[in-house]
Amino acid sequence: IPGIEIATGALGHGLSAAVGMALALKMDGSTAHVYCLMGDGEQAEGSVWEAAMAAAKYGLDNLTAIVDRNRLQISGCTEDVMPCGDLADKYQAFGWNTVVCDGHAFDELLPALQARAAGLPTVVIAETVKGRGSPVMENIAEWHHQIPTAAEYEVIKAGLLQTVKEMSA
């Protein structure tokens, strides 16, 4: 997909790859910006925090990480599996510019994605609800990996279309 350089699959490796890309771009004098999308379940991985430290050390202000903070992961609620606590405070302690927004509100999300602070990487904590708008999937961890039946698909599609209409209004 144009613009998507890597999909890591292995939880926690995306930020490390993004840090490497952002550092290489800085070294080349490029003005390009790197975005890394992570789930909140990934925040339990040590490699995320190693990468976070490196991004701050090297002043990667050309890096924006987005954390989908829906409080669910494949094995259940993030706060039951491995509590994340206040991610904005944690990233700030690691030397990052932090922005918290409603990940479903474009009027909050778009400015958050454009936020910058000289010499600091930025993290956007996007507060979301997994499967929002779907009476079948909303806030249910199993939909991290579940495949809908044909009937479920129709209900899901109708719910998501309704949510998009409401967001656009």
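Leaving aside its neighbours within four places in sequence, with which residues is Tyr91 in contact? In this predicted model, Tyr91 is in contact with Leu15, Met38, Gln43, Val48, Trp49, Ala52, Val67, Trp96, Thr98 and Val123, where contact means heavy atoms within 4.5 Å. Because the model is predicted, local features need pLDDT of at least 70 and side-chain atom pairs count only at pLDDT 80 or more, while totals for chains, interfaces and linings use all residues. Residues are numbered from 1 along each chain as its sequence is written, and side-chain values use heavy atoms, with hydrogens and water left out.

**Overall fold**

- The protein chain has six helices and six strands, these being DSSP runs numbered from the N terminus (helices H or I, at least four residues; strands E, at least two), and along the sequence they follow the pattern α-β-α-β-β-β-α-α-β-α-β-α.
- The radius of gyration of the protein chain, 17 Å, is close to the 15 Å that the globule rule gives for 169 residues, so the chain is as compact as a globular protein of that length; the radius is taken over C-alpha atoms, and the rule is 2.2 Å times the number of residues to the power 0.38.
- Of the contacts in the protein chain with a separation of 6 or more, 68% are accounted for by residues 24 or more positions apart.

**Nonpolar cores**

- A nonpolar core is a set of buried Ala, Val, Leu, Ile, Met, Phe, Trp, Tyr and Cys residues joined through side-chain atoms within 4.5 Å, and in the largest one, with 23 residues, Leu15, Met38, Leu63, Tyr91 and Trp96 touch the most other members.
- At least two residues of this core are supplied by each of α1 (13-27), β1 (34-39), α2 (46-57), β2, α4 (87-93) and β6, and the largest share, five residues, comes from α2.
- Another core, of eight residues, lies apart from this one and includes Val99, Ala115, Val124 and Ala126.

- Arg71, in the loop between β2 (63-69) and β3 (72-73), has a phi near 65°, a positive value in a residue other than glycine, and counts as partly exposed because its relative accessibility is 35%.
- Asn139, in the loop between β6 (122-127) and α6 (150-168), likewise is not a glycine and has a positive phi of about 60°; at 48% relative accessibility, Asn139 counts as partly exposed.

How values were computed. Buried means under 20% relative accessible area, exposed over 50%, partly exposed in between (1.4 Å probe, protein chains only).
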